[in-house]
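Please examine the sequence and the structure shown below before reading on. The report is written for a reader who is new to protein structure.

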Amino acid sequence: MTRLAIAINLDRCTGCNTCAMACKMQNNVPMGMAWNRVLNEECEFEVGVQGTYPHVSRAHLPVACQHCENPACLRVCPTGATYKDDKGRVEIDYDKCIGCRMCMAACPYNARVFNWSEPVRDPDFNYGDRDVPVRGKGVVEKCTLCKERTDRGDEPMCVKCCLAKARIFGDLDDPESEISRVVRERGATVLLPEQGTRPQVRYFN
């Protein structure tokens with residue numbers, strides 16, 4: 001079996017949002033939408049910090065689709081548009097998506113976005129990988145683990161472009177892979193384990 005996944009070193013993440021921008025450009029994500037987000041933990045405002053001056057700090061939490069082993073989104077999809085492929089990725093068949101947004105309601109990570117209107121792109125043309133499907137109005141979309149790139153044996157664009165080298169990509173089912181070693185040795189954890197979705201994206205310090 002194969003379980004492609006990403007492990008993120010939170011100590012190395014600087015919150016620069018390069019991963020989010022790289023994802024947007026690679027996957028032709030429209031204006032006003034993001035598949036990849038960087039949250040600032042325990043901050044009242046997006047630009048806030050923890051603590052009181054001069055003793056302040058800031059922690060960042062990158063969040064996208066967690067490519068769960070037991071995805072809640074898949075269980076509620078009435079058309080089979082959401083599926084797990086043979087590499088362990090949770091994907092969407094846009095031709096089957098009817099825009100009911102049940103998957104969005106079920107996802108505990110708020111990882112999906114919906115095209116409420118015809119997508120707007122700036123500049124006014126499609127960009128990114130030519131093999132990425134163009135999504136129109138009325139469908140849900142999300143991180144695909146850069147399916148087109150990873151099918152070719154490349155890393156997801158967020159991993160390739162991370163300036164701090166905070167991301168590791170690989171196969172969790174390969175005990176010799178770097179990501180498997182990090183999960184074993186660094187005590188990598190998952191988000192919201194109580195949800196029972198068993199995310200494949202891991203976080204460590």
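The report describes sheets, a helix, nonpolar cores, cysteines and some backbone features in turn.

The structure is a predicted model. Every value quoted here was computed, and residues are numbered from 1 along the chain.

Strands of a sheet pair through backbone hydrogen bonds, and the pairing is either parallel or antiparallel. In this model, three strands build an open sheet in the order 10-1-11, with mixed pairing. From one strand to the next, the twist averages 25°.

Strand 1 (residues 4-9) pairs with strand 11 in the parallel sense, over three bridges. Within this pairing, Asn 9 has Phe 204 of strand 11 as its bridge partner.

## The pairing of strands 2 and 5

Strand 2 (residues 37-40) pairs with strand 5 (residues 60-63) in the antiparallel sense, and four bridges link the two. Leu 39 stands opposite Leu 61 of strand 5. Strand 2 also has two faces: Val 38 and Asn 40 belong to the covered one, while Arg 37 and Leu 39 belong to the uncovered one.

## Helix 6 against the sheet

Helix 6 (residues 178-186) lies across strand 1, strand 10 and strand 11, and it runs at about 110° to strand 10. Which residues of helix 6 are buried? They are Ile 179, Ser 180, Val 182 and Val 183. Seen down the axis of helix 6, these buried residues fall within an arc of 165°, so they line one face of the helix.

The buried residues of helix 6 pack against strand 1, strand 10 and strand 11. On the face turned away from the buried side, helix 6 carries the exposed residues Arg 184 and Glu 185. Just after helix 6, Gly 187 takes a positive phi of about 65°.

In soluble globular proteins, nonpolar side chains tend to be buried together. The largest nonpolar core of this model has 37 residues, and the members that touch the most others are Ile 6, Trp 35, Tyr 109, Val 140, Leu 191 and Tyr 203. Several elements each supply at least two residues of this core, among them strand 1, helix 1 (18-26), strand 5 and helix 5 (157-161). The largest share, three residues, comes from strand 1.

Ile 6 illustrates these contacts: setting aside residues up to four places away in sequence, Ile 6 touches residues including Leu 145, Val 159, Ile 168, Phe 169, Ile 179 and Val 201. A second, separate core has nine residues, including Leu 172, Ile 179, Val 183 and Phe 204.

Gln 26 is found in helix 1. Is this residue, Gln 26, buried or exposed? Gln 26 has a relative accessible area of 6%; residues under 20% count as buried, so Gln 26 belongs to that class. Not counting residues up to four places away in sequence, Gln 26 touches Gly 128, Asp 129, Val 132, Cys 146, Arg 149 and Met 157.

A disulfide is a covalent bond between the sulfur atoms of two cysteines. The structure holds zero disulfides. Cys 23 is in no disulfide, and the nearest cysteine sulfur, that of Cys 146, is 6.1 Å away. A disulfide requires the two sulfur atoms to be within 2.5 Å. Cys 23 is buried, with a relative accessible area of 8%.

Cys 107 is likewise in no disulfide; the nearest cysteine sulfur belongs to Cys 73 and is 6.3 Å away. Cys 107 counts as buried, at 16% relative accessibility.

## Backbone features in the loops

Asp 122 and Pro 123 are joined by a cis peptide bond, with omega about 10°. Pro 123 lies in the loop between strand 8 and strand 9 (140-141).

Leu 192 is not a glycine, yet it has a positive phi of about 50°. Its place is in the loop between helix 6 and strand 11, and at 32% relative accessibility Leu 192 counts as partly exposed. Arg 198 is found in the loop between helix 6 and strand 11. The phi of Arg 198 is near 55°, a positive value in a residue other than glycine, and Arg 198 counts as partly exposed at 46% relative accessibility.

Notes
This is a predicted model: local features need pLDDT of at least 70, side-chain atom pairs count only at pLDDT 80 or more; totals for chains, interfaces and linings use all residues. Side-chain values use heavy atoms; hydrogens and water are left out. Buried means under 20% relative accessible area, exposed over 50%, partly exposed in between (1.4 Å probe, protein chains only). Two strands pair if DSSP finds at least two bridges between them. Axes are lines fitted to C-alpha atoms, for helices over the stretch in contact, and angles run from 0 to 180 degrees between N-to-C directions. Contact means heavy atoms within 4.5 Å. A nonpolar core is a set of buried Ala, Val, Leu, Ile, Met, Phe, Trp, Tyr and Cys residues joined through side-chain atoms within 4.5 Å. The arc is that of the directions from the helix axis to the C-beta atoms.
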